[in-house]
Amino acid sequence: MREQRQRTQGPQLRRSPRHRAECIFAAMKTLAFALGLVVLGAVGCGGGTGDDDDDVGSDAQVTSGDGAVTQTDAGTGADDFVMQASDFECTTRWQKVRRFRITNKLGHTAEAVALASANTGGDYPVGTLIQLVPFEAMIKRKAGFSSASRDWEFFSLSVSASGTTIRSRGSDGVVNQFGGNCLACHTKAEPRWDLVCESGHGCDALPLSAAQIDSLQNNDARCP
Ligand code: HEC
């Protein structure tokens, strides 16, 4: 829609930074496919087992003021956070640690930021939500959600000025926009990093430079 508008407005109009970011991303996608990076990255990735969605049926559900659903496990009393599309937001509101944005949906943001900032490894508190780019996210679910993913739930998202749509979610069956399986790549991080890849943690690299990542973050369509 925006593209059409720009076309009809004529070539003399400069394209928005956001549009440029989308172009960069589209170009990188093409490049990644051309180089076969994604295909390589995906080789040997286990397929989804179909058990992505946590069974929370027996848990007590509490709906907080902003519509978010938190769950308290009847047996352990452990909190959990089940993201709804409306719980995602402009990530530049969150703290930035090195390249990624981080918050915690259960009030443990200071703890999560401290752990990330210390850069020595460790397990993130339940409710920790991390994003590198607007259209991918990972949140730490309660213990037992998925041992394979160390209780991280991955998301592939679509974002626009009107909000966020969850394209897919789960522990092991979610694929990014380059065709790579989130878990298959993130699980390569050395154990102490709790599946956080950054650079030098053991994951295969993303075909995005630091500048491109910053540009994608700063041109998030949901940000004011
Ligand atoms: C081919 C490997 C690969 C795949 C597939 C992949 N990632 Fe990542 N991801 C990375 C790397 C590498 C980084 C760190 C990039 C950087 O900091 O420059 C990263 C960063 C992240 C971060 C920021 C925290 C961190 O780990 O550094 C999140 C959140 C994230 N990815 C989520 C996802 C989700 C969700 C998916 C699937 C929809 C996904 N990733 C697929 C490699 C991958």
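Helices (H or I, at least four residues) and strands (E, at least two) are DSSP runs, numbered from the N terminus. A residue is near a molecule or strand if its C-beta atom, placed from the backbone, lies within 6 Å of it.

This is a predicted model: local features need pLDDT of at least 70, side-chain atom pairs count only at pLDDT 80 or more, and totals for chains, interfaces and linings use all residues. Numbering of residues starts from 1 along each chain, as its sequence is written.

## Overview

The chain has six helices and nine strands. Of its 224 residues, 32% are buried. Buried means that 20 or more other C-beta atoms lie within 10 Å of the residue's own; exposed means 12 or fewer, and partly exposed lies in between, with C-beta atoms placed from the backbone. Two residues are in contact if their C-beta atoms, placed from the backbone, lie within 7 Å. Among contacts between residues at least 6 apart in sequence, 49% join residues at least 24 apart.

## The sheet

Six strands form an open sheet, in the order E4-E5-E6-E7-E8-E9, with antiparallel pairing. Strand E4 (95–97) and strand E9 (163–170) are at the edges, each with a single partner strand, so one side of each has no neighbour in the sheet. The twist averages 30 degrees from one strand to the next. Strands of a sheet pair through backbone hydrogen bonds, either parallel or antiparallel. Here, two strands pair if DSSP finds at least two bridges between them.

| Strand pair | Sense | Bridges |
|---|---|---|
| E5 and E6 | antiparallel | four bridges |
| E6 and E7 | antiparallel | two bridges |
| E7 and E8 | antiparallel | five bridges |

Threonine 103 has leucine 129, in E6, as its bridge partner. Isoleucine 130 stands opposite methionine 138 in E7. Methionine 138 in turn stands opposite phenylalanine 154 in E8. A hairpin of four residues joins E6 to E7.

E7 is largely enclosed by the rest of the structure, because four of its five residues are buried. Helix H4 lies across E4, E5 and E6, and runs at about 145 degrees to E5. For such angles, axes are lines fitted to C-alpha atoms, for helices over the stretch in contact, and angles run from 0 to 180 degrees between N-to-C directions.

Glycine 170 lies in strand E9. It counts as buried, with 22 C-beta neighbours inside 10 Å. Its C-alpha atom is separated by 9.4 Å from that of serine 149, 21 residues apart along the chain.

## The core

A nonpolar core is a set of buried Ala, Val, Leu, Ile, Met, Phe, Trp, Tyr and Cys residues joined through C-beta atoms within 7 Å. The largest one has 34 residues, and Ala137 and Phe154 touch the most other members. Two or more residues each come from strand E3 (79–82), strand E5 (100–104), helix H4 (109–118), E6, E7, E8 and H5. E8 gives the most, with five residues.

Which residues does alanine 137 contact, leaving aside its neighbours within four places in sequence? They are Phe88, Leu129, Gln131, Phe155 and Leu157.

## Around the ligand

There are 28 residues around the ligand, and Asn176, Gly180, Cys182, Cys185 and Cys197 come nearest. Strand E6 (128–131), strand E7 (136–140), strand E8 (152–160) and helix H5 (182–186) each supply at least two residues of this shell. By class, the shell has 16 nonpolar, eight polar and four charged residues. Ala, Val, Leu, Ile, Met, Phe, Trp, Tyr, Cys and Pro count as nonpolar, Asp, Glu, Lys and Arg as charged, and the others, Gly among them, as polar.
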